[in-house]
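The sequence and coordinates come first.

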Amino acid sequence: MEIKSVYFIGAGGIGMSALERYFLSRGLPVGGYDRTPTELTQRLCAEGACIHFEDNPDAIAPAFRNADSTLVVYTPAIPADNRELAWFRAGGFEIQKRAQVLGTLTRQMKGLCVAGTHGKTTTSSMAAHLLHESAAGCNAFLGGIVKNYGSNCLLSPASPYVVIEADEFDRSFHHLRPYATVVTSADADHLDIYGTEAAYLESFAHYTSLVQPGGALVVHRGLRFEQRAAESVRRYDYSRDEGDFHAENIRMGGGRIVFDLVSPFGNIADVELGVPVSINIDNGIAAMALAQIAGLGSDEIRAAMKSFGGVDRRFDFQLNTPEAVLLSDYAHHPEEIRQSLRSVREVFAGRRLTAVFQPHLYSRTRDFYREFADALSLADEVWLLPVYPARELPIEGVDSAMIAREMAANVPVCLVEMEDLAGLVEEKETDVVMLLGAGDVESRACELADVLRRKKGLRA
């Protein structure tokens with residue numbers, strides 16, 4: 001089929017939007033449906049996409065109604081009863097998951113992919129920035145907005161490389177054929193899809209078998225799945241303190257983190273993190289491993305690591321003063337939350353930390369409420385918002401109170417509605433406030449920062 005137009009169902013998804021920008025850059029008509037307008041869909045429309053917000057086949061524009069020339073791309077998060085998807089299926093259209101399209105790109109270019117329960121967005125974004133700032137260049141399809149570019153999509157027609165965030169949800173990463181891949185973590189998640197931890201780990205084992213012959217596999221030390229890469233694939237491990245790739249001579253202080261990278265491709269001295277939180281030492285090591293595999297030199301890597309501005313909603317500071325701090329982070333898995341809180345503890349040692357957590361998905365809350373409570377107990381105080389349902393319907397008896405009941409006895413916890421957050425910030429004495437979750441809690445960050453400024457008498 002000669003593709004003359006592309007239609008996206010779930011067009012407002014962060015991963016979908018990168019593909020929309022790719023096809024727009026190729027001059028193709030791009031359209032789609034999403035349930036709710038957002039700042040991202042507004043940007044996409046301004047860039048030329050034709051997106052509407054009613055699940056109605058009659059609303060599909062004429063440019064996308066020809067089955068012989070329209071590719072339909074959908075996200076697995078779309079409900080099975082979506083009317084537009086049913087219309088396209090009945091019409092015999094070519095329909096692919098987002099991951100299938102990304103898989104095609106890894107066959108056309110050298111795919112540098114980052115998989116893992118957590119850390120993959122920051123690591124893949126760092127790797128993309130390193131390549132983009134080098135002579136190699138890259139294309140990139142990322143799961144977050146990189147602050148250096150205000151986008152989750154980088155395009156370089158001359159570059160042979162494509163950086164892809166490899167998503168394990170719905171086994172999507174099994175469509176990829178990486179030239180080189182990092183696996184950052186494999187803590188059980190998406191049990192509504194996988195059922196058991198063993199099945200989840202098996203999906204990562206299969207993923208490692210998909211690395212192209214002659215490619216490279218870089219796995220964080222201590223992960224509990226079988227590595228099935230072909231014999232010709234180069235295998236490496238990494239961690240903060242040990243492994244083929246690791247850090248030495250770590251220096252923290254004055255708002256800076258600097259370390260030396262130890263690597264089989266050549267050590268790099270005095271690497272400074274552009275986003276100085278301790279978890280980014282691990283993420284940076286993994287990103288630099290991919291960069292070295294792609295042939296980047298030490299000076300290119302060192303300069304780009306320092307200039308990396310971070311990713312929206314990943315340690316995203318809205319306010320950072322001696323009087324008050326407010327930051328948001330996308331962490332929505334217990335281990336992510338644990339690492340995020342530990343990193344903030346290191347950066348703001350001795351200061352009182354309030355965690356505001358919005359659980360994401362009823363099924364994840366049901367499966368991990370004890371682990372959430374244990375991780376959140378690293379904070380000095382916890383405010384729990386109602387569960388953000390995303391693609392799910394409520395599950396009877398599952399709510400944020402399940403987490404509250406399991407919290408450590410010495411950590412004050414309260415249940416709070418979203419509309420009451422600003423009042424609570426105004427009322428309570430806070431120092432460092434961290435918003436956690438993959439739902440819409442981040443949408444309140446600017447408002448809460450303004451409340452803290454007024455309360456502390458700080459300038460805007």
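The model is predicted.

**Helix packing**

Two packed helices are described by the angle between their axes and the distance between the axes. The table gives both values for the two pairs treated here.

| Helix pair | Angle between axes | Distance between axes |
|---|---|---|
| Helix 5 (residues 120-132) and helix 9 (residues 298-307) | about 125 degrees | 9 Å |
| Helix 1 and helix 2 (residues 39-46) | about 5 degrees | 11 Å |

With an angle of about 125 degrees between the axes, helix 5 is therefore oblique to helix 9. The crossing of helix 5 over helix 9 is right-handed. On the side of helix 5, the residues in contact are Met126, His129 and Leu130, and they meet Ile301, Ala304, Met305 and Ser307 of helix 9. Sorted by class, this contact between helix 5 and helix 9 comprises five nonpolar and two polar residues, with no charged residues.

Helix 1 contributes Ile14, Ser17, Glu20 and Arg21 to the contact, while helix 2 contributes Leu40, Arg43 and Leu44. The classes here are three nonpolar, one polar and three charged residues.

**The second largest pocket**

Rolling a probe the size of a water molecule over the atoms shows where empty space is left. The second largest pocket has a volume of about 280 Å³. Its lining consists of 13 residues, and those nearest the centre of the pocket are Ile3, Phe23, Leu71, Thr104 and Gln108. Three elements each supply at least two residues of this lining: helix 1 (14-25), strand 5 (94-97) and helix 4 (98-108). Helix 4 provides the largest share, with four residues. Divided by class, the lining of this pocket has eight nonpolar, three polar and two charged residues.

**Cavities**

The structure contains three cavities of 30 Å³ or more.

The largest cavity holds about 50 Å³ of space. Around this cavity lie Arg98, Ala99, Leu102, Ile164, Glu165, Ala166, Asp167, Ser172, Phe173 and Leu176. Helix 4 and strand 9 (161-166) each give at least two residues to the lining of the largest cavity. Helix 4 also supplies four residues to the lining of the second largest pocket. Six residues around the largest cavity are nonpolar, one is polar and three are charged.

The second largest cavity has a volume of about 40 Å³. The residues that line this second cavity are Asp189, His190, Leu191, Asp192, Leu361, Ser363, Arg364, Asp367 and Phe368. Helix 6 (191-194) and helix 11 (362-376) are the elements that give two or more residues to the lining of the second largest cavity. Of the elements around this cavity, helix 11 gives the most, with four residues. The lining of the second largest cavity divides into three nonpolar, two polar and four charged residues.

Key: Residues numbered from 1 in each chain as written. Predicted model: local features only at pLDDT ≥ 70, side-chain atom pairs only at ≥ 80, totals over all residues. Heavy atoms only, no water. Axes fitted to C-alpha atoms, helices over the stretch in contact; angles between N-to-C directions. Parallel < 35°, antiparallel > 145°, perpendicular 65-115°, else oblique. Left-handed = near helix turned anticlockwise from the far one by under 90°. Contact = heavy atoms within 4.5 Å. Nonpolar A, V, L, I, M, F, W, Y, C, P; charged D, E, K, R; others polar. 1 Å grid on protein atoms, 1.4 Å probe; cavity = no way out; pocket = protein on both sides within 12 Å on 5 of 7 lines; lining within 4 Å. Points joined across faces, edges and corners; volume = space filled by probe spheres on them.
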